[in-house]
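This briefing is for a reader who is meeting the structure for the first time. Please look at the sequence and the model before reading the points.

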Amino acid sequence: MADPDTIIVGAGIGGLSAAEALQRSGQKVLVLEASDRPGGRVVRISRKNGDTAEAGAQGIHSNYDEMLKLIDRYGMTADLMPAFGKVQYLDRTGAPRISGGNKDLAKIVGLRGKLDLSYFWAKYFTFAKPFPQFELNTDIPRYDNVSAADELRWAGRNFRDFVLRPMSWAMANSTPDRISMYYIVNGLRLRMTTKIMGLRQGNASILEKIAGTLEIRYGAQVNRVLTTNGVVDGVELDDGTKIKARHVILACTAGVAGSLLTDEFSEAKRFLGAFTHTPMPLVFFFLDRPLAKEAYSFMGHPFRHADFNMALNHTMKTPYMAPSGKAIISAWPAFPRAVELMAKPDSEIVDRARLDLEPFFPGFSDWIDEAHVFRHDWGLARYEPGMHRKLLDFKILAERFKGLSFAGTDYDSIHMESGVRSGQRAAARALRGA
């Protein structure tokens, strides 16, 4: 193709959303993707028999308005399926406790826990300070400047064990002392107001369909952005090839985006290079049988500390993706232990996960057909206390850059909807520049 109007670096949800919006507006768009597939952190893992499971983004919430519009535009609304299942906790004796909703949870946490829950929901849901759920554009120091652990130190042990620690692990893949209260308030709103769905062929299927309509070069490793008189006007690939464009959108992870900036953008380069995030070595166990469990999510925080204290049964959660009915179990670590695990060989990670999951599924080690580690070097942004103010400052700085925009979930929240909207905003900025 001739020189494109806009180059997009990264074929994840932010980059593809930006490219789709620009192409609909009549622009010539080129997407450069370093890997051999579209989707980024939205990815599925497959078994030889055709069973599949989500190995990245786990669900499409009913208030993902822009993502649902995308799905409809590409004729995939009929593929939306509900997610199923309950949550199983291990109590302090290691015995399972099942929760199918708030009433069950209230029974599990006891009288003090119920009082804590009522206060928590009132303060951080009913009377919460309002902010956009999928775009970070509001400075809220009372949520940003304190860790979830410090803000909720008034709560009793049952609340911390059955609510706070599992919520932090499930939403942020971190411990409560390493994330800001903003994360918890945002996640609570989502839990209380939405239903979770998925796509019949996996959430990556919508991104694969969008990618099929675009000009994408796979295996195209970008080395740096190009500038003329301070204006970004193209990129250079690792092989030395230079491609010119009127606008460049960096839709890769924040860390990679920082590495592509030249010294002209030193302040942004430093911030992006130090961006707090969590790597994710996920372990998937493909079993030789179904599991007689009514839960899809398993939490062990009251019972013990472990590398893998959360598991999902994907066959229960998304049965339409596992037609054989045989269980697919994933094991989820959290920061900071996830960083240590990433340095370990696959065999050691699998063994640690297998031992940690035995209390959830006694005897399951004998039922494993296959085990695979799926590594996300950059799993998700980790918004530690003070990070939102830093992101807002970065966004103000980035508005001054000519010919350059940023897109992706790192800059707003971990949700796929944030990636879609971020890509669309970057596309609108590219159009204004054109």
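The model is predicted, so local features need pLDDT of at least 70 and side-chain atom pairs count only at pLDDT 80 or more, while totals for chains, interfaces and linings use all residues. Residues are numbered from 1 along each chain as its sequence is written, and side-chain values use heavy atoms, with hydrogens and water left out.

**Whole chain**

- The chain has 15 helices and 20 strands; helices (H or I, at least four residues) and strands (E, at least two) are DSSP runs, numbered from the N terminus.
- The radius of gyration is 22 Å, which agrees with the value near 22 Å for a compact globule of 434 residues. This radius is taken over C-alpha atoms, and the globule rule is 2.2 Å times the number of residues to the power 0.38.
- Along the principal axes, the C-alpha atoms fill a box of roughly 65 × 50 × 40 Å.
- Of the 434 residues, 58% are buried. Buried means under 20% relative accessible area, exposed means over 50%, and partly exposed lies in between (1.4 Å probe, protein chains only).
- Among contacts in the chain with a separation of 6 or more, 74% are between residues 24 or more positions apart; contact means heavy atoms within 4.5 Å.

**Helix 6 and the residue after it**

- Helix 6 spans residues 157-172 and bends by about 25° at L164, with the proline P166 following within four residues. The bend at a residue is the angle between axes fitted to the seven residues ending there and the seven starting there.
- Helix 6 is mostly covered, with 12 of its 16 residues buried. Among the buried residues are F159, L164, P166 and W169.
- N173 follows helix 6 and sits in the loop between helix 6 and helix 7 (181-193).
- The phi of N173 is positive, near 45°, in a residue other than glycine. N173 counts as buried because its relative accessibility is 5%.

**Other backbone points**

- Most residues other than glycine have a negative phi, and most peptide bonds are trans.
- N229 has a positive phi near 55°. This residue is in the loop between strand 11 (222-228) and strand 12 (231-237).
- N229 is exposed, because its relative accessible area is 79%.
- F335 and P336 are joined by a cis peptide bond, with omega about 10°. P336 belongs to the loop between strand 18 (328-332) and helix 12 (337-342).

- L16 is in helix 1 (residues 13-24). L16 is buried, since its relative accessible area is 0%.
- Apart from residues up to four places away in sequence, L16 touches G10, A11, P38, G39, L207, I210, A211, L214 and I216.
- From C-alpha to C-alpha, L16 and V256 are 17 Å apart in space and 240 residues apart in sequence.
- I243 is part of strand 13 (residues 242-244). I243 has a relative accessible area of 7%, so this residue is buried.
- Beyond neighbours within four places in sequence, the contacts of I243 include P4, I7, L30, L32, R217 and L226.
- H388 is in helix 14. H388 is buried, because its relative accessible area is 3%.
- Leaving out neighbours within four places in sequence, H388 is in contact with L136, D144, S180, Y182 and Y383.

**Second largest pocket**

- The second largest pocket holds about 430 Å³ of space. On a 1 Å grid over the protein atoms alone, a pocket is an open set of points where a 1.4 Å probe fits, with protein on both sides within 12 Å along at least five of seven lines. Grid points are joined across faces, edges and corners, and the volume is the space filled by probe spheres set on the points.
- This pocket is lined by 21 residues, and K395, E399, F406, R425 and R429 are the closest to its centre. Lining residues have an atom within 4 Å of a point.
- Helix 14 (387-398), strand 20 (404-406) and helix 15 (416-433) are the elements that each give two or more residues to the lining.
- The lining has 10 nonpolar, three polar and eight charged residues. Ala, Val, Leu, Ile, Met, Phe, Trp, Tyr, Cys and Pro count as nonpolar, Asp, Glu, Lys and Arg as charged, and the others, Gly among them, as polar.
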